Amino acid sequence: MRRSMFILLLIQTLWGYDYNDLLIDAQSRIYPKLLMLQEGLLHNKEKEKPLVLTIVYMPEDEAVARKIVRKIEHYHDHRIGEYRFVVRMASYEALDRLDRTDALYLLKADDTSLKHAVEIGSSKKIPVFVYDFNDLESGALLALTIERSTVIYLNRDALKKGPRFSSTLYSIARFMDVQTN
């Protein structure tokens, strides 16, 4: 019994976090649409330049990031409304070299990497979406979960520092007072 538990723990450690396909599917459909609710983004955006969402991943989750990119491209067909839309990938290690993005979608990572990514998002005043609701503690702005229905959570503290959104989002979201680590 102990041996099998050890092997199971070792496998999960070596192959990364276990992602929920249903949650990935919901986030792939909704996160790009939430980007459109950011105040001022479309006013300041030239129509020739695409909206850019960057999926940020750890090396062991690269396949998951690719899967999310394919899903988002399938659901949105490189457009959101009348704007071109591009989904990119960047590892947490390469995030400092990221030239331009309009939002970050963070997959699971260690606390240091998550916090660093959130700092980059905050300094650029762009939304930081997370896969895991618990990662709001790192200071990320928004998480989407599936409970009895799909629920959008906004980190109240991150909202004070980050971008503003349409009142539509505020009316449907639940606000969280998260103690950041």
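Residues are numbered from 1 along each chain as its sequence is written, and side-chain values use heavy atoms, with hydrogens and water left out. Because the model is predicted, local features need pLDDT of at least 70 and side-chain atom pairs count only at pLDDT 80 or more, while totals for chains, interfaces and linings use all residues.

Q: In what order do the 8 strands of the open sheet lie?
A: Strands (E, at least two residues) and helices (H or I, at least four) are DSSP runs, numbered from the N terminus. Two strands pair if DSSP finds at least two bridges between them. In this open sheet the pairing is mixed, and the order is 2-3-1-4-5-6-7-8.

Q: Do strand 1 and strand 3 run parallel or antiparallel?
A: Strands of a sheet pair through backbone hydrogen bonds, in either sense. Here 7 bridges join strand 1 to strand 3, and Leu-53 stands opposite Val-87 in strand 3. The two strands run parallel.

Q: How many bridges join strand 6 to strand 7?
A: Strand 6 covers residues 142-146 and strand 7 covers residues 150-155.

Q: How many residues of strand 1 are buried?
A: Buried means under 20% relative accessible area, exposed over 50%, and partly exposed in between (1.4 Å probe, protein chains only). On one side of strand 1, Leu-51, Leu-53, Ile-55 and Tyr-57 are buried; on the other, Val-52, Thr-54 and Val-56 are buried. The count is 7 of 7.

Q: Which residues does Ser-113 contact, leaving aside neighbours within four places in sequence?
A: Contact means heavy atoms within 4.5 Å. Ser-113 is found in helix 5 (residues 111-124). Ser-113 counts as buried because its relative accessible area is 16%. Its contacts are Met-58 and Tyr-92.

Q: Which residue forms a salt bridge with Arg-88?
A: A salt bridge is a side-chain nitrogen of Lys or Arg within 4 Å of a carboxyl oxygen of Asp or Glu. Arg-88 is in strand 3, and its partner sits in the loop between strand 3 and strand 4, 11 residues apart. The closest N and O atoms are 3.2 Å apart, and the partner is Asp-99.

Q: Is Asp-102 buried or exposed?
A: Asp-102 forms a salt bridge with Arg-100, at 3.5 Å between the closest N and O atoms. Arg-100 is partly exposed, at 30%. Asp-102 has a relative accessibility of 9%, so it counts as buried.

Q: In which helix do Lys-161 and Asp-157 both lie?
A: Their side chains meet in a salt bridge (3.4 Å, N to O). The two are 4 residues apart, about one turn of the helix. Both lie in helix 6.
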